[in-house]
Amino acid sequence: MKALITLVGRIGVDPSDSDETALRKRLAVVLCTGTLPLTLLWSAIYLAIGAPIAAAIPGFYTAFTPINTAIFAHTRNFRFYRFTQLLLILLLPWLVTLSLGGLKQSSVVIIWAALCPLGSLLLEDLRSTSFWIVGFVVLLILSAALQPALSPVALPESFVTWFFVLNVGAVITITFGLLYYFVGRRNFFQQQAEMLLLNILPKEISDALKVEQRTIADEYTAVSILFADVVGFTPMAAKMTPMELVDLLNQVFLCFDGLVEKYDLEKIKTIGDCYMVASGVPRSRPDHATALVSLALDMRAAVAGTRFGGRQLAFRIGINSGPVVAGIIGRKKFIYDLWGESVNLASRMESHGRTRCIQITGNTYELVKDAFYCEAMGTIEVKGAGQIEVWHVLDGKKPGTAAAFPRTPLD
């Protein structure tokens, strides 16, 4: 049954269709063709009890719908297919009601017409749905108004009762099936969108934006920021095709992404060959500096022990700790970002660093000196900050200290 529904659901779907349009086309075809066994059965039963006119009406739907669906598969004119099918679903049950002699004698078969506004709600916009709802209500009123003038077909009382059960039960079952399928697909698309959003923004920021579209900017007093950059990237890139370059960077950053996830840190962005990570935002944590230095050591070990795109790469890594402002600004294509002198200084630590070295400022050193082997490198001249004292992180935890993040060196 699943395979059949999947096959039917491909009718009329164009590769260029959006997910929403493709979903609506599938629902339309499944709704219209899925009821064919029932309309064929209803037609046979009406014919058997001596109501040929009532039998001809669902018989017409049974014959017309496959032809119309085949035309839709060829032309992919969804608007025409949708309109004609919804019109039939609305009118034909009403005609059966009149042919059998009214609402009671037809076992309220007009309830099938309720699938028209329901289908429109799933397949069209709200304005179009309003049109079909009005049409359904008008037909109900006409059925009641014409009741005295109709000639009831002589049907057994038990037949009328059981057909009432069948009509109501079938319509409710179809309604539930459509809603179940629609909600399932909508939830799938929503989960995909949620995953995409969480790959762009931290969960806390994503949740805040769902509640209210506004500028989000918060101050954090204790944050560590890391920048990592490929050494000799420009001359290397000049010898590679664009696709080779993108593939190489993708391999490197996928490796780094896994390490960032391991330490529960926040990847901020990539800028060319530069990789930026923050610790302590948007969730404050007392071990922000040690966590980020642990990440830096693992990044260095991973790069040293791996060939990316058949090349042995080398990185400079710079880290600084201090206060920042973090959030999102603007209204389109926004990203979660950090601002402040602490960010600028972390970037300078990377750009003024040495190959394969993890260079940190005094702010970071004071936070990690009891947990890592660090070597004082004296002072360097940093644009906009003057003389800055820096250290290099040499290796992992010092003997006798508790390791907040147990590491397995890769080199």
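Buried means under 20% relative accessible area, exposed over 50%, and partly exposed in between, with a 1.4 Å probe and protein chains only. The model is predicted, and local features need pLDDT of at least 70, while side-chain atom pairs count only at pLDDT 80 or more. Residues are numbered from 1 along each chain, and side-chain values use heavy atoms.

**Exercise 1.** Decide whether W42 and W112 are buried or exposed.

Step 1. W42 has a relative accessible area of 7%, so W42 is buried.
Step 2. W112 is at 11% relative accessibility and therefore also counts as buried.

**Exercise 2.** Classify the aromatic pair of W42 and W112.

Step 1. Rings of Phe, Tyr and Trp (its six-membered ring) pair if their centres lie within 6.5 Å; planes under 30 degrees apart are stacked, over 60 edge-to-face, and the rest tilted.
Step 2. The centres of W42 and W112 are 5.8 Å apart, with 75° between the planes, and the pair is edge-to-face.
Step 3. W42 lies in helix 3 (residues 36-48) and W112 in the loop between helix 5 (78-100) and helix 6 (115-123), so the pair ties together parts 70 residues apart in sequence. Helices (H or I, at least four residues) are DSSP runs, numbered from the N terminus.

**Exercise 3.** Describe how helix 5 and helix 6 are oriented.

Step 1. Axes are lines fitted to C-alpha atoms, for helices over the stretch in contact (heavy atoms within 4.5 Å), and angles run from 0 to 180 degrees between N-to-C directions.
Step 2. The two axes come within 8 Å and cross at roughly 155°.
Step 3. Angles under 35 degrees are roughly parallel, over 145 roughly antiparallel, 65 to 115 roughly perpendicular, and the rest oblique. Helix 5 and helix 6 are therefore roughly antiparallel.

How values were computed
Helix = DSSP H or I, 4+ residues; strand = E, 2+ residues; numbered from the N terminus.
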